[in-house]
Amino acid sequence: MISPIRKVPKLGLGRSEWIILGVISVYSFIPVVGGLIRIFELTGGPQIAPVNPRALLAPLPIILHITSSSLFCVLGAFQFLPSPRRQRPAAHRVIGRLIAIAGCISALTGLWMTHFYVFPEPLQGPALYRVRMVLGTAMVGLIIWAVIAARSLNVLQHSASMVRAYAIGQGASTQTVLGISWIIAVGSEAMGPLRDGLMIFAWVVNLLAAEIFIRAMLRPPKRRQKHSSLPPVRPSIPRNEI
């Protein structure tokens, strides 16, 4: 007796999910495409982007960083959508493992480049160096904690940790937006301490957005229902009026 072939249901995304996915894709477009162009150049392609002497001297870390960061940012967008998690839990777990590895590689190569590459003072001052080292280390710690929380079935901690790690990993996208906006507004590229400040501010914006998202979307259902299902509070009557 031949068992009928089960049809796999199509993955359906809600309107809001398509909007979220589209916004993140557009937001990540410039850094991802710019990174892929750099990889194309380093693997023998013609020179398109401005010359980066650090990448020419030690290309492997930057190739690994660009590849892993692109995977982390693009695939990570799907992990935050409720429908894929609900309809394809096995795929969610597989992609989750992949982006956890990609995120750690992205952070570790970023730490390596920050510490060992020689940056001119206009491109990285002491403040930006320290922030990059702290956030890179924090990103690795958050991903590891997210994996531990997932294995412990602590969904809230897992999701919150990955959202924060994703906010750090998407720093380049916000930095690109702020940098282009500055050039349009002022007419020249920000350099020196001003550039450092804009890049640090980009991470501040991302982390603030992550905390707002966590509190608005990831609160436990019981906590949300607690405020709506409480009976009305009756006014207390003073003892001397009983």
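Visitor: How do the residues lining the second largest pocket divide into nonpolar, polar and charged?
Guide: In this predicted model, the lining of the second largest pocket holds 28 nonpolar, 11 polar and seven charged residues.

Visitor: And how much space lies in that second largest pocket?
Guide: The second largest pocket has about 1,600 Å³ of space. Its lining consists of 46 residues, and those closest to the centre are Gln-79, Phe-80, Ser-159, Met-162 and Val-163.

Visitor: Which helix gives the most to the lining of the second largest pocket?
Guide: H7 gives the most, with eight residues. Several helices supply at least two residues each, including H1 (15–42), H3 (59–79) and H9 (193–217).

Visitor: New topic: at what angle do H1 and H8 pack?
Guide: The angle between H1 and H8 (residues 171–186) is about 85°, and their axes lie 8 Å apart. The two helices are therefore roughly perpendicular to each other.

Visitor: Which residues make that contact?
Guide: H1 contributes Tyr-27, Ser-28, Ile-30 and Pro-31, while H8 contributes Ala-172, Ser-173, Thr-174, Thr-176, Val-177 and Ile-180. Of the residues in this contact of H1 with H8, six are nonpolar, four are polar and none is charged.

Visitor: Where is confidence lowest, and where is it highest?
Guide: Confidence is lowest in H10, with a mean of 48, and highest in H6, at 96. For the protein, the mean pLDDT is 82, and 81% of the residues reach 70 or more.

Visitor: Over which residues does pLDDT stay under 50?
Guide: That stretch is residues 223–242, for which the model has four contacts beyond four places in sequence.

Key: Residues numbered from 1 in each chain as written. Predicted model: local features only at pLDDT ≥ 70, side-chain atom pairs only at ≥ 80, totals over all residues. Heavy atoms only, no water. 1 Å grid on protein atoms, 1.4 Å probe; cavity = no way out; pocket = protein on both sides within 12 Å on 5 of 7 lines; lining within 4 Å. Points joined across faces, edges and corners; volume = space filled by probe spheres on them. Helix = DSSP H or I, 4+ residues; strand = E, 2+ residues; numbered from the N terminus. Nonpolar A, V, L, I, M, F, W, Y, C, P; charged D, E, K, R; others polar. Axes fitted to C-alpha atoms, helices over the stretch in contact; angles between N-to-C directions. Parallel < 35°, antiparallel > 145°, perpendicular 65-115°, else oblique. Contact = heavy atoms within 4.5 Å. pLDDT = per-residue confidence, 0-100.
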